[in-house]
Number of protein chains: 2
Amino acid sequence: MAPLMNNRDIIKDIIGEALLKVRGDNIVKEHLKVEKNTLYIDKYRFPISENIHLLAIGKAACSMAKGAEDMLKGYLRDGIVVTKYGFSLPLQKCKVIEAGHPIPDQNGLEASKAVYNFAKSIPPEDTLLVLISGGGSALLPAPDNITLKDKMLVTELLLKSGATIQEINSVRKHLSFLKGGKLAQIAHPATVITIILSDVIGNEISSIASGPTVTDPSSFEDAISTLKRYNLWEVVPNSVKEHLLRGKRGLIPETPKPGDKSFQKDLIKIVADNRYFCREILKSAQRHGIENGIHLTSFVEGEAKEVAKVIAAIIKEELLSNTRKTEMIVIGGETTVTVKGNGKGGRAQELALSLAISMDRWKGFTAVSLASDGNDGITEAAGAIVNEKTLKLAKEKDLNPLSYLSNNDSFSFFNKIDSLVITGPTHTNVNDVIVILIDKEYQPTP
Amino acid sequence: MAPLMNNRDIIKDIIGEALLKVRGDNIVKEHLKVEKNTLYIDKYRFPISENIHLLAIGKAACSMAKGAEDMLKGYLRDGIVVTKYGFSLPLQKCKVIEAGHPIPDQNGLEASKAVYNFAKSIPPEDTLLVLISGGGSALLPAPDNITLKDKMLVTELLLKSGATIQEINSVRKHLSFLKGGKLAQIAHPATVITIILSDVIGNEISSIASGPTVTDPSSFEDAISTLKRYNLWEVVPNSVKEHLLRGKRGLIPETPKPGDKSFQKDLIKIVADNRYFCREILKSAQRHGIENGIHLTSFVEGEAKEVAKVIAAIIKEELLSNTRKTEMIVIGGETTVTVKGNGKGGRAQELALSLAISMDRWKGFTAVSLASDGNDGITEAAGAIVNEKTLKLAKEKDLNPLSYLSNNDSFSFFNKIDSLVITGPTHTNVNDVIVILIDKEYQPTP
């Protein structure tokens with residue numbers, strides 16, 4: 001390790017380097033290439049005409065589009081990019097539309113119509129390159145024959161019902177004119193190539209941005225059964241019931257089904273996800289002389305402050321261990337916060353605060369909890385950093401960590417002790433990480 | 001592995017063997033020996049007179065006392081054993097008192113007085129052997145000059161206040177006539193040897209059964225400061241304030257302090273804890289041909305259903321891993337359940353149910369979640385077993401796992417699909433474990 005750096009600086013450096021690797025433009029440049037009327041996505045090759053059209057959707061859309069503009073050079077004709085307010089970057093050939101996230105808005109509705117028309121206009125011999133990153137579902141609301149408000153109500157009811165994500169999606173996809181493969185269907189017979197920066201734990205491609213280019217095994221009938229199964233059929237707006245019943249009677253086209261021949265020459269490729277990011281963090285750590293790192297999981301879910309307790313448990317055992325030599329633990333996923341207070345915070349910062357409390361009186365560790373998109377909850381921070389000094393600093397400033405935690409006020413807490421991690425938009429979106437540096441020279445007192 | 005056993009049987013066998021190793025009588029027999037007027041506790045030796053007196057407190061008290069009766073033979077004069085209703089075993093020289101747990105009761109109050117008189121009666125040249133296991137605090141309520149009701153109220157207020165466990169104990173110990181080292185103080189100058197089966201995560205000895213034989217760094221003044229710091233001074237009963245103020249004025253003796261010379265010849269030794277149990281599980285697994293097991297932590301705390309999600313995340317990564325060869329993961333600690341429903345369950349079973357839900361559609365794992373004392377929550381089960389069939393069995397019987405979880409009805413759920421683990425009293429108490437057997441032959445479909 002660099003002799004003049006402390007662990008706080010080192011861990012931030014390590015993560016910063018890995019964030020660069022998964023930044024939209026860099027990740028697209030690494031996997032995409034065009035040469036002599038051939039488009040290369042890793043090992044896959046596609047003969048193409050001279051005309052590629054671009055559609056980029058999500059929080060990392062501008063950056064991914066920028067990478068594509070660089071690589072596609074003269075082949076790129078035009079494009080539409082839909083991203084979150086404040087996430088724009090200057091582009092050369094693509095039109096950028098900013099829209100609401102996580103709450104869809106009127107701009108999103110208009111973006112969806114623009115995307116529909118754009119896909120419809122692509123000549124059969126051309127190629128549509130779709131770049132998807134997290135946030136796409138909310139940025140492109142495409143309610144079919146119903147109002148946005150009604151569609152949002154149905155989604156909310158389903159999320160509370162205990163229905164599985166597959167069941168929820170069976171309904172959502174049958175209320176949309178873009179989701180569940182419909183976007184690709186519109187663009188066909190043009191070839192549709194989709195490159196994904198995944199923010200969905202487990203990488204189910206039909207869930208990422210609701211799978212606008214992915215065939216859909218579910219039917220109108222499944223959507224209706226789901227609503228009935230969870231006793232929502234009598235609760236949802238009439239417009240929703242009417243639309244689904246018309247679909248069931250064959251009056252509205254079904255979503256494209258697996259095996260649909262028009263999808264056969266398409267490609268869908270996840271180029272980076274949380275696991276990729278975690279591995280980049282470990283590689284970056286190695287460049288800093290930290291050899292013994294482990295990637296524990298990329299599947300973490302659950303209430304942030306409770307997840308933190310399990311992570312603390314793992315750190316404690318590691319600190320007490322005489323036999324293992326782990327210097328770094330990397331954990332990925334995405335937690336949730338059940339908001340009960342009125343403070344300012346985000347899931348990554350709340351996890352960090354709970355971790356600090358659980359690690360009371362323990363030494364020899366430095367942890368960063370971070371939202372990879374640079375935007376943790378409703379704050380301007382990406383996350384926070386925690387070590388053995390965290391609670392001491394709080395005590396010096398007379399802050400009660402438990403009060404801040406119960407008020408969901410993690411941002412204010414870390415702001416007051418100068419322990420926020422602020423990155424600005426990172427132009428990537430591969431969920432969250434918790435990175436823990438273990439000081440193996442630390443000797444626990446039994 | 002035995003060819004005719006399935007993973008369910010194997011994992012139960014493995015845990016069963018490890019439970020036998022940490023059973024009160026076996027663990028005492030392994031660490032305690034007497035020979036020619038010398039008492040041996042592992043590497044420690046004590047010259048003794050011919051008279052040893054025994055005090056055993058906790059859920060494993062009878063079993064530990066039984067082990068001691070076997071080992072001490074003619075040296076054992078008499079003894080008192082205080083345990084939970086239903087946890088008695090026949091003993092030869094010790095009187096057994098059953099009392100209330102987790103809610104203290106009148107029998108407990110009387111047991112405390114009997115213990116006080118017993119300790120006071122021990123001749124100076126004799127030895128008092130104290131065997132402590134979890135549950136001791138509630139089984140031996142010893143309110144000093146206040147009512148049991150008032151003492152329980154103070155404890156309840158402190159637990160809700162956000163005070164640390166050290167702060168809470170500073171108050172509890174100064175309201176008790178046995179805790180915070182007072183029991184040993186009463187028995188001195190007789191030598192006091194304490195053997196502990198720990199159920200406190202992190203093994204802080206002054207917290208286990210509230211440390212009746214451990215010196216106490218806190219003072220009456222600390223107790224008063226704590227109540228004031230958390231704005232409870234004006235809330236607690238007058239009897240409590242009066243007692244603490246009289247103590248501060250020197251009218252009631254302080255708890256014995258670290259460095260107290262009368263404690264110098266005493267010994268306090270933890271002979272088994274959750275970590276010990278986890279290692280025994282791994283050793284037992286090896287005897288079943290499972291070589292690559294890891295003990296991830298013994299420090300797990302948090303809301304059971306959320307903890308389960310993190311454990312699921314770790315299992316999923318392990319199932320997807322091509323490089324690692326872990327066959328078993330052992331995780332220890334003790335979770336909590338915030339009860340919102342009116343079902344029947346316990347923390348270990350609730351964790352198992354949440355784990356089953358999180359592992360939906362995953363294959364190749366078998367997990368047991370278990371309370372080591374055989375008594376999970378208010379149920380007659382010790383825990384439950386979960387594998388890829390769990391949700392299928394539930395579906396066949398038309399059970400909605402999420403409904404059972406939100407109604408805290410894990411016992412009914414697992415009972416209906418015949419997946420409870422029932423052991424009866426195990427006569428040990430070393431917190432909970434989650435043991436996961438990973439089927440390395442399982443090939444995940446990406």
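B:Glu334 is partly exposed in this predicted model, with a relative accessible area of 27%. Its salt-bridge partner is B:Arg347, and the closest N and O atoms of the pair are 3.9 Å apart. B:Arg347 is buried, at a relative accessible area of 18%. B:Glu334 sits in the loop between β11 (328-333) and α13 of chain B, whereas B:Arg347 belongs to helix α13 (residues 347-358), so the pair ties together parts that are 13 residues apart in sequence. In chain A, salt bridges with shared partners link A:Glu334, A:Arg347 and A:Asp432 into one network.

Over all chains, the structure holds 30 salt bridges. Side chains of opposite charge can pair when their charged atoms come close. B:Glu156 forms a salt bridge with B:Lys160, with 3.5 Å between the closest N and O atoms. Both residues lie in helix α6 (residues 148-161) of chain B. They are four residues apart, about one turn of the helix. B:Glu156 is partly exposed, with a relative accessible area of 44%. B:Lys160 is exposed, at 68%.

A further pair joins A:Asp25 and A:Arg23. Their closest N and O atoms are 2.9 Å apart. A:Asp25 counts as buried, at 5% relative accessibility. A:Arg23 counts as partly exposed, at 26%.

The next pair bears on the domain arrangement. Chain A is divided into domain 1 (24-272) and domain 2 (274-438). The centres of the two domains, taken over C-alpha atoms, are separated by 32 Å. At their interface, 21 residues of domain 1 of chain A are in contact with 16 residues of domain 2 of chain A. The size of an interface is often given as the accessible area lost when the parts come together. Here the area buried between domain 1 and domain 2 of chain A is about 1,400 Å². Carbon and sulfur atoms give 55% of that area. On the side of domain 1 of chain A, the most area is lost by A:Lys59, A:Phe87 and A:Ile201. Together these three residues account for 41% of what that side buries.

Across this interface of chain A, the rule finds one salt bridge. A:Lys59 and A:Asp373 form a salt bridge, the closest N and O atoms being 2.5 Å apart. Six residue pairs are in polar contact across the interface of domain 1 and domain 2 of chain A. Elements giving two or more residues to the domain 1 side are α2 (24-31) and β9 (267-272) of chain A. The largest share, four residues, comes from α2(A). The residues of the domain 1 side divide into nine nonpolar, eight polar and four charged.

B:Thr426 lies in the loop between β14 (420-421) and β15 (432-438) of chain B. B:Thr426 is buried, with a relative accessible area of 10%. A polar atom of the B:Thr426 side chain lies 3.4 Å from the backbone oxygen of B:Asp373. Leaving aside neighbours within four places in sequence, B:Thr426 is in contact with B:Leu19, B:Arg23, B:Ser372, B:Asp373 and B:Gly374.

A:Val339 is found in the loop between β11 (328-333) and α13 (347-358) of chain A. A:Val339 is exposed, with a relative accessible area of 58%. A:Val339 and A:Ser321 are 18 residues apart in sequence. In space, the C-alpha atoms of A:Val339 and A:Ser321 are 36 Å apart.

Conventions
Residues numbered from 1 in each chain as written. Chains lettered and ligands numbered in written order. Predicted model: local features only at pLDDT ≥ 70, side-chain atom pairs only at ≥ 80, totals over all residues. Heavy atoms only, no water. Domains from an automatic or database assignment. Contact = heavy atoms within 4.5 Å. Buried area = accessible area lost by both parts, 1.4 Å probe. Salt bridge = Lys/Arg side-chain N within 4 Å of Asp/Glu carboxyl O. Polar contact = N/O pair within 3.5 Å; in protein donor to acceptor, adjacent residues only side chain to side chain. Nonpolar A, V, L, I, M, F, W, Y, C, P; charged D, E, K, R; others polar. Buried < 20%, exposed > 50% of the residue type's maximum accessible area, 1.4 Å probe, protein only.
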